[in-house]
Amino acid sequence: MKALHIILTSLVVVSCARATDTTNQSATNDTIEVSNKPIADPTYVGEIIAPQGYERVTIEDTTSFAYYLRRLPLKPLGTPVYTCYGDVSGLTDCAYAVIDGIDTGTEDIQQCADAVIRLRAEWLYAHKRYDDIAFHFTNGWLCDYKHWAEGNRVSIKGNHTSWYQAAQRDYSYPTFRKYLNMVFNYAGTLSLSKELKFVDLRDMEIGDVFIIGGSPGHAIIVIDVAETPDKHDKAFVVAESYMPAQDIHILKNSGHNDKPWFFVNDFLEMQGCNFPTYWYSTDCLKRF
């Protein structure tokens, strides 16, 4: 549960809870990403070896969210997952790799849905799409970055949330991070799930999110996709944060030799999406 500095009377703070008993990148042309290139220690998501018989889906738009996620840098394999408190997370054994360059912060606020929000917002900010950076609080109020950057701050009185002028115009990255921390405090799986649209598991794309909104709830984001030449099956890589807030990490599939790839047909056959840290029904995939 997130520790809030201000309590809203009707604001339910939603964070993720364990469901199973387990303890701005430089762009290059996507065509250089050879899916079967033998890389022992990948430096970014797109260098992770694709499963035999699968080829990565083509990304032609190098400004897209999908491209941003595929280019996320990785810390060396074997790097532990650390929490916001600086200790090793109990989920380290579930992690294939840790995302580099995305800080966790020192507060317990960048949990599961917040990590998804962070990745989406970082991509939008990198492309100066400031008008598109906006997320709802759990009480339904929309907190947009443009208001924040123009010097407005959030006033919360009981169940009433509003803007007030308090600072100078500032679109700097430190101010952007302060905006995100405000969102992390008052948004969660419940609010994020309402912002996303359902998508069929078979139609999965990079950037889609497995999400259950509620308390408990959880969110896991798809950061890469490969498919068979006949498009009969898709393999995909996912990333998450957790509680307490911790490094965004890629999950490994214990059913496939601890590789980071999961398979749509496997989930359809078992009628559920079984990740090391959470189980979803097959209708829990959503899209921005």
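A residue is called buried under 20% relative accessible area, exposed over 50%, and partly exposed in between (1.4 Å probe, protein chains only). The structure is a predicted model, in which local features need pLDDT of at least 70, side-chain atom pairs count only at pLDDT 80 or more, and totals for chains, interfaces and linings use all residues. Residues are numbered from 1 along each chain as its sequence is written, and side-chain values use heavy atoms, with hydrogens and water left out.

The mean pLDDT (the predictor's confidence in each residue, from 0 to 100) of the chain is 89. A value of 70 or more is reached by 86% of the residues. Over residues 3-15, the pLDDT is below 50. Where pLDDT is low, the predicted coordinates should not be read in detail.

Aromatic pairs were then counted. Rings of Phe, Tyr and Trp (its six-membered ring) pair if their centres lie within 6.5 Å; planes under 30 degrees apart count as stacked, over 60 as edge-to-face and the rest as tilted. The count comes to 29 aromatic pairs. Phe-65 and Phe-288 form an edge-to-face pair, with 6.3 Å between centres and 90 degrees between planes. These two residues are 223 residues apart in the chain. Phe-65 is buried, at 7% relative accessible area, whereas Phe-288 is partly exposed, at 31%. The rings of Phe-137 and Trp-141 lie 5.4 Å apart at their centres, and their planes meet at 50 degrees, so this pair is tilted. Phe-137 is buried at 1% relative accessibility, and Trp-141 is buried at 18%.

Key: Contact = heavy atoms within 4.5 Å. Helix = DSSP H or I, 4+ residues; strand = E, 2+ residues; numbered from the N terminus.
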